Structures are given as C-alpha cells and as structure tokens.
Amino acid sequence: MIDSIIFDLDGTLWDTTHIGARTWSEAASNHQIQNNVTADQLKGLYGLPTDIIARKLFPNATEELLQAIMRESNEKECKYLAKDGGILFPKLLETLTELKKNYQLFIVSNCEDGYIQSFIEGNKLEGYFKDFECPGRTRQSKADNIRIIMNRNQLENPIYVGDTALDAASSKEAGIPFVYARYGFGKVEKFDYAIDSLDELNQLSLLKI
C-alpha cells in the first residue's frame with residue numbers, strides 16, 4: 001500500500017526557468033561573463049545538480065568563478081520566488097490538497113538550499129509537505145536524498161514523481177517506483193507509471209493498490 005509521495009520540483013510542480021534565466025544572466029554579467037541564458041536552455045538542464053548546470057552554462061569559467069555565479073544566482077532567485085512565487089503547473093493546489101488527505105508528501109530536488117523553501121513560502125504551501133531534501137544541504141545525490149527522506153520519515157512504500165531520466169534512475173537506485181510526469185521538461189524511456197497532468201495522480205491505479 002502506497003504510504004507517501006516524493007516529488008521532484010522543477011518540471012514537475014512548477015516552472016521558474018524565466019526567472020532563472022534572468023538571475024543566471026545577471027550573476028554572470030556581474031562577474032564579467034556575457035552569456036544571455038534563456039528559459040528554453042534551462043529547461044534542458046534543470047534536474048541536474050546546480051554545479052553541473054553552472055559548468056554547462058559557462059564552460060570556460062574557473063571553478064571559483066562558477067561557485068560565485070551559482071551562489072549569487074541562487075540568492076537572487078530565491079528572494080524573488082519567496083516573494084512572488086513561480087509558475088505553478090495546472091491544478092497543483094487542488095491536487096496537493098486531495099493527495100494530502102491520504103498520503104504524506106515530500107520534495108527531493110537537485111537544487112541549492114533555500115530553493116525548496118522559496119517554493120513553499122512564495123506559494124503559501126506551508127503544511128502540505130512533511131519534509132524535503134536537496135544536495136544544497138546534504139551534498140548527496142538525488143538517490144541518496146530520496147533514501148534520506150525515506151529513512152528520516154520511516155517510509156515503507158513511497159513513490160517518486162519526476163520528469164527527467166535522472167529522476168527515473170534515482171528512483172530505481174533508491175528502490176522505489178517512478179511516476180513519469182510527461183508534461184515536464186525531460187524525456188524518459190523507462191518508468192513504472194506516467195501522468196500527463198498533475199491531477200492524474202488522483203486517478204493513478206498505483207495509488208489505489
């Protein structure tokens with residue numbers, strides 16, 4: 001019996017690539033790197049750890065410079081999102097409200113510390129998610145962070161909902177079923193279940209087992 005749902009964030013629950021494009025570009029410019037990052041560019045990268053995204057965006061920058069750009073971009077983005085939120089995918093609030101009646105809800109995302117908090121604060125989602133984790137706090141992989149959530153909250157039968165091949169691989173490594181959010185940013189070949197909109201989770205046969 002499924003007892004909990006762990007969500008990815010970007011491409012699964014919301015879209016912040018328009019804000020990320022601006023903050024990455026501004027941070028790079030402040031460090032004398034001219035690179036107009038676009039939302040479409042980020043949609044192909046979100047889901048990867050932030051340091052890998054930074055390296056792909058600015059391949060010629062030194063590691064020290066990448067870290068500085070990454071920190072500045074994350075700080076600016078989190079401040080904006082905590083105040084104004086991002087673009088939530090359709091029926092997010094209704095779906096979470098319904099799911100929360102029967103399941104514990106969690107978030108595991110490849111992001112820096114503060115980003116998940118800005119999602120919760122900016123969209124007034126306090127009380128929906130019992131716990132969350134990210135490499136910005138643990139410096140661990142997504143699979144390891146899924147396991148941390150499982151162990152910390154004594155979860156026996158969770159599922160993971162995400163939109164990228166890395167999400168699928170991390171779910172498999174953590175030993176739990178993967179639900180592919182086909183409406184998201186990534187392309188996934190192997191998955192246990194698939195949804196074309198968030199509210200389909202409420203009808204997913206897996207949840208009725």
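Predicted model: local features only at pLDDT ≥ 70, side-chain atom pairs only at ≥ 80, totals over all residues.
## Nonpolar cores

The largest nonpolar core holds 53 residues. Phe7, Trp24, Phe58, Phe119, Phe129 and Leu201 touch the most other members. Eight named elements give two or more residues each to this core: strands S1, S4 (104-108) and S6, and helices H1, H3 (50-57), H4 (63-84), H5 and H6. In soluble globular proteins, nonpolar side chains tend to be buried together.

Phe58 shows what such a member meets. Leaving aside residues up to four places away in sequence, Phe58 touches Trp24, Ala28, Ile33, Asn35, Val37, Leu66 and Ile69. A second core is separate and has 15 residues. Among them are Phe106, Met150, Ile176 and Phe178.

## Aromatic pairs

The structure holds seven aromatic pairs. One of them joins Phe7 and Phe129 in an edge-to-face arrangement. The ring centres are 6.4 Å apart, and the planes stand at 90 degrees. Phe7 lies in strand S1 (residues 4-7), and Phe129 lies in the loop between H6 and S5, so the pair ties together parts that are 122 residues apart in sequence. Both partners are buried: Phe7 has 1% relative accessibility, and Phe129 has 11%.

Another edge-to-face pair is formed by Phe89 and Tyr183. Here the distance is 5.3 Å centre to centre, with 70 degrees between the planes. This pair also links distant parts of the chain, 94 residues apart. Phe89 sits in the loop between S3 and H5. Tyr183 sits in the loop between S7 and strand S8 (193-195). Phe89 is buried, with a relative accessible area of 14%.

## Aromatic cluster and a charge over a ring

Phe7 and Phe129 also belong to one aromatic cluster, together with Trp14, Tyr115 and Phe119. Phe7, Phe119 and Phe129 are also among the residues that touch the most other members of the largest core.

Elsewhere, a charged group meets an aromatic ring. The charged end of Arg22 sits over the ring of Tyr80. The distance to the ring centre is 5.1 Å.

## Helix H9

Which residues of helix H9 are buried? In this helix, residues 165-174, they are Asp167, Ala168, Ser170, Ser171 and Ala174. Seen down the axis of H9, these residues fall within an arc of 165 degrees, so they line one face of the helix. An α-helix has 3.6 residues a turn, so residues three or four places apart point the same way.

Gly175 follows H9, and its phi is positive, near 80 degrees.

Asp131 is placed in strand S5 (residues 131-133). A polar contact of 3.0 Å joins the side chains of Asp131 and Asn153. Beyond four places in sequence, Asp131 touches Leu105, Phe106, Ile107, Arg137, Ile149, Arg152 and Asn153. Phe106, one of these contacts, is included in the second core.

Ser25 lies in helix H1 (residues 17-30). Its relative accessibility is 15%, so Ser25 counts as buried. Leaving out residues up to four places away in sequence, Ser25 touches Asn35, Asn36 and Val37. Asn35 and Val37 are also touched by Phe58.

## Positive phi in two lysines

Lys91 is not a glycine, yet its phi is positive, about 65 degrees. Lys91 sits in the loop between strand S3 (87-88) and helix H5 (92-99). At 47% relative accessibility, Lys91 counts as partly exposed.

Lys124 also has a positive phi without being a glycine, about 55 degrees. Its place is in the loop between helix H6 (115-122) and S5. Lys124 counts as exposed, at 66% relative accessibility.

Note on methods:
Residues numbered from 1 in each chain as written. Heavy atoms only, no water. Buried < 20%, exposed > 50% of the residue type's maximum accessible area, 1.4 Å probe, protein only. Helix = DSSP H or I, 4+ residues; strand = E, 2+ residues; numbered from the N terminus. Arc of directions from axis to C-beta. Polar contact = N/O pair within 3.5 Å; in protein donor to acceptor, adjacent residues only side chain to side chain. Contact = heavy atoms within 4.5 Å. Phe/Tyr/Trp six-rings, centres within 6.5 Å; stacked < 30°, edge-to-face > 60°. Lys NZ or Arg CZ within 6 Å of the ring centre and 35° of its normal. Core = buried A, V, L, I, M, F, W, Y, C linked by side-chain atoms within 4.5 Å.
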